[in-house]
2 protein chains.
Amino acid sequence: MKAYTEMTRNELLEEQALLQAEYRELCAMDLHLDMSRGKPSAEQLDLSMPMMDVLTSKTPLKSRKGTDLRNYGVLDGIDEAKELIAAMIDTQPENVIVYGNASLHIMYEAIGNAMMHGILGSTPWVKLDSVKFLCPVPGYDRHFTITESFGIEMINVPLTETGPDMDMVEEYVNNDESVKGIWCVPKYSNPTGISYSDEVVQRFANLKPAASDFRIFWDNAYCVHHIYPEQKDEILDIISACEEAGNPDMVYEFCSTSKITFSGAGISGMATSPRNKEEMLKHLTVKTIGFDKINQLRHVKFLKDMDGVEALMAKQAALVRPKFELWIDRFEKELSDLDVGSWTHPRGGYFLTYVSNEGCAKNIIELAQQAGVVMTGAGAPYPYKKDPRDTVIRIAPTLPPMDELDQACTVFITCVKLASIKKLLENATNL
Amino acid sequence: MKAYTEMTRNELLEEQALLQAEYRELCAMDLHLDMSRGKPSAEQLDLSMPMMDVLTSKTPLKSRKGTDLRNYGVLDGIDEAKELIAAMIDTQPENVIVYGNASLHIMYEAIGNAMMHGILGSTPWVKLDSVKFLCPVPGYDRHFTITESFGIEMINVPLTETGPDMDMVEEYVNNDESVKGIWCVPKYSNPTGISYSDEVVQRFANLKPAASDFRIFWDNAYCVHHIYPEQKDEILDIISACEEAGNPDMVYEFCSTSKITFSGAGISGMATSPRNKEEMLKHLTVKTIGFDKINQLRHVKFLKDMDGVEALMAKQAALVRPKFELWIDRFEKELSDLDVGSWTHPRGGYFLTYVSNEGCAKNIIELAQQAGVVMTGAGAPYPYKKDPRDTVIRIAPTLPPMDELDQACTVFITCVKLASIKKLLENATNL
């Protein structure tokens with residue numbers, strides 16, 4: 001098929017009429033499909049059901065050290081859970097604090113602490129006229145929501161195939177002391193799926209921040225979430241890289257088992273330098289006497305170690321891979337020739353990204369919505385929900401079953417085509 | 001025996017010499033006993049071990065509504081858990097948000113939200129020159145640590161047998177708009193064990209706060225924690241009382257199953273008005289996608305309903321009652337005649353309070369410590385750890401076994417006597 005960009009106005013109108021008929025038929029199907037949620041499917045969750053049997057009323061609910069896990073205490077988590085989390089993100093257990101079921105909550109609290117108390121003796125951020133965060137884009141909407149909720153100014157930094165634009169990161173971090181943080185998803189990034197190159201990690205580690213309380217928020221959410229376990233991405237350990245570069249306190253790293261075992265009932269962790277950890281615990285002891293240690297033990301007994309994690313994630317990969325490939329294959333077949341945008345080929349993580357022609361993303365999402373297919377909201381991968389070129393659409397293929405994915409993909413492709421033609425016709429009119 | 005206050009100097013010196021010999025013998029026993037921790041004993045925790053069997057790999061992990069509890073979502077908790085929490089604190093399920101394992105964390109966040117964002121449109125507390133909390137004393141040290149951590153000024157309010165001094169509370173709350181909150185443990189108060197009378201609750205509900213964002217922090221931590229289940233205390237439901245008084249938004253109520261099932265792995269809840277709840281959820285959705293719903297289901301399946309809770313708590317009462325009575329009986333027998341202080345007779349909760357003669361508490365605690373018995377730190381039941389009269393000692397009898405309690409009680413009584421005599425001799429010298 002001819003690229004839309006090469007079609008005459010009449011050809012476009014003809015194609016549009018055909019697509020509109022198709023679209024009307026799709027709308028008449030009264031679909032209710034949701035492609036917006038980065039959630040595991042029931043089949044993925046089923047793989048962790050044996051975890052419900054590892055602890056029973058006959059199990060001594062004690063840690064290796066002999067602590068009664070039913071009672072209060074152990075603020076930073078049991079040793080065996082620290083080891084598990086550390087193995088997942090390639091760091092040392094002594095760097096780790098084990099939290100409750102949501103790593104997002106840790107990130108929120110890390111910023112909340114800095115707002116109220118500063119970091120390691122710095123001025124509390126609430127007392128500053130200006131606090132800024134760098135936001136590699138496209139990125140994770142919930143990160144941006146946290147910083148927005150604290151009134152922190154967010155600055156877009158382009159995310160390339162190998163990580164954020166490090167020239168820009170260095171320029172900001174090393175010169176502007178109101179820049180206090182940067183959001184990073186270093187592996188299988190949400191939503192584009194890229195992993196940071198070794199060079200990028202090294203440049204991060206070697207930043208010379210103008211602000212002593214600048215922190216890299218290193219959300220290693222997809223550390224073991226390979227779609228192709230035989231050709232998995234590896235990233236450098238940021239904590240040791242920072243240490244070697246003489247910046248040991250510059251990074252807070254986060255991870256969780258939310259998309260390993262049960263999304264709603266996992267354990268999460270933070271890893272950081274001894275000084276940062278001590279400060280986090282100083283604040284944490286005001287808030288709680290400790291997190292759920294029985295669930296920590298449950299995870300350790302079920303996952304055991306990194307081999308256990310990798311084996312489980314390989315089974316999950318087998319379930320999600322066909323879902324990613326369904327969309328990518330159809331994009332390749334049905335959209336490659338049309339000059340209507342591009343898409344990612346992630347090797348891990350939870351998302352596909354479709355990059356439409358300029359000014360089309362919002363319209364594609366609206367058209368899909370009207371045909372009963374919910375996509376992640378337009379602009380979501382950008383701070384303040386403002387996608388400057390209106391091109392980025394996050395696609396979450398893991399949750400729906402294959403037949404629904406196929407239907408949703410049909411709708412999506414039709415909407416891409418319709419929106420692209422509409423834009424081309426508009427642009428032609430405007431000339 | 002003659003009261004110490006009636007003894008001559010020589011009689012006191014004689015008694016002191018005898019006690020010092022006793023004390024030296026106790027020190028020589030090299031005891032390591034801890035009376036400081038409000039923790040359930042292993043036997044109490046054992047009662048909830050069947051909870052480990054209510055969910056297995058064969059259990060459909062779904063809520064009554066059919067939600068897959070393994071996955072993300074359900075920010076305010078599953079309906080059946082809301083019902084359980086509501087029954088415990090005598091409110092309606094629609095008032096409840098179910099959180100993670102620590103009600104302390106909810107209280108921290110409620111204040112954190114107010115600091116950053118104000119309450120229902122009020123000025124964020126960080127922007128105010130002065131923010132004050134009323135603190136009925138003696139009270140719970142961890143409450144005071146939270147307010148202290150935010151730099152909130154704490155004002156002592158005497159706690160009587162029926163609740164806080166309400167004249168003083170009304171005076172402050174109704175006239176000073178920098179008074180933004182009050183900490184309350186309305187039932188089986190920590191540490192004195194008193195419960196608020198209906199009149200006190202009604203006076204709370206009928207406050208006319210100078211500050212629109214004044215909130216009562218109603219920590220109903222011991223709602224079902226009776227020591228004598230046949231003669232249990234009942235308190236009025238503050239939420240409906242506030243509603244009836246035209247102050248529907250004035251209270252945040254908290255509770256948890258921490259001292260019902262497993263202290264470290266329970267569920268917690270907040271109950272409040274629809275407007276407050278909506279605001280809490282607006283902030284909560286920035287922090288997390290939801291708390292551990294599987295643990296919510298586990299608790300519902302195990303405890304079932306209020307009858308289940310009461311049955312479990314009656315078994316716990318049978319375990320803790322002898323521990324409280326051991327101390328009280330020995331105080332009655334060995335200290336009643338001596339004029340060396342008074343003690344509480346709690347009908348519920350987790351603590352005994354010993355009120356020494358003025359200026360003796362710190363010394364008693366130090367002497368006990370040197371003899372190997374750790375008591376809660378001197379001053380802990382007061383803001384800034386400052387017990388103005390140096391008289392209040394919190395005793396936590398639930399954790400240690402009976403033989404250890406008996407030993408610790410021997411040490412404690414000896415230390416009370418020694419410190420009392422020392423103070424009398426000092427006072428005599430100073431005359």
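At 23% relative accessibility, R203(B) counts as partly exposed. This value, like the others here, comes from a predicted model. R203(B) forms a salt bridge with E199(B), and the closest N and O atoms are 3.7 Å apart. E199(B) has a relative accessibility of 52% and therefore counts as exposed, because the cut-off for exposed is over 50%.

In chain A, D213(A) and K180(A) form a salt bridge with 2.7 Å between the closest N and O atoms. D213(A) sits in the loop between α7 (198-205) and β7 (215-219), while K180(A) is in strand β6 (residues 179-184), so the pair ties together parts that are 33 residues apart in sequence. D213(A) and K180(A) are both buried.

Chain B has a salt bridge between the side chains of D213(B) and K180(B), at 2.8 Å from N to O. D213(B) is in the loop between α7 (198-205) and β7 (215-219) of chain B and K180(B) is in strand β6 (residues 179-184), so this pair also ties together parts 33 residues apart in sequence. Both residues, D213(B) and K180(B), are buried.

Over all chains, a search of the whole structure finds 44 salt bridges. In chain A, a network of salt bridges links K65(A), D76(A), D79(A), K82(A) and K277(A).

## A strand covered on both faces

In a regular strand, side chains alternate between the two faces of the sheet. Strand β13 (residues 392-395) of chain A has V392(A) and R394(A) on one side and I393(A) and I395(A) on the other, and all of these are buried. β13(A) pairs with strand β11 (residues 352-356) of chain A in the antiparallel sense, over 4 bridges. I395(A) in β13(A) is the bridge partner of L352(A).

## Where the two chains meet

Chain A and chain B each give 55 residues to their contact. About 4,700 Å² is buried between them, and carbon and sulfur atoms give 57% of this area. On the side of chain A, R70(A), Y72(A) and V286(A) lose the most area to chain B, together 17% of what that side buries.

Across this interface there are 2 salt bridges. In one salt bridge, D46(A) pairs with R70(B), with the closest N and O atoms 2.6 Å apart. The two chains have 22 residue pairs in polar contact. Helix α4(A) gives the most to the side of chain A that touches chain B, with 8 residues. The residues of that side divide into 25 nonpolar, 18 polar and 12 charged.

Methods: Residues are numbered from 1 along each chain as its sequence is written. Chains are lettered from A and ligands numbered from 1 in the order in which they are written. This is a predicted model: local features need pLDDT of at least 70, side-chain atom pairs count only at pLDDT 80 or more; totals for chains, interfaces and linings use all residues. Side-chain values use heavy atoms; hydrogens and water are left out. Contact means heavy atoms within 4.5 Å. Buried area is the accessible area (1.4 Å probe) that two parts lose on being put together, summed over both. A salt bridge is a side-chain nitrogen of Lys or Arg within 4 Å of a carboxyl oxygen of Asp or Glu. A polar contact is a pair of N or O atoms within 3.5 Å; within protein, one must be able to donate a hydrogen and the other to accept it, and residues adjacent in sequence count only if both atoms are side-chain atoms. Helices (H or I, at least four residues) and strands (E, at least two) are DSSP runs, numbered from the N terminus. Ala, Val, Leu, Ile, Met, Phe, Trp, Tyr, Cys and Pro count as nonpolar, Asp, Glu, Lys and Arg as charged, and the others, Gly among them, as polar. Buried means under 20% relative accessible area, exposed over 50%, partly exposed in between (1.4 Å probe, protein chains only). Two strands pair if DSSP finds at least two bridges between them.
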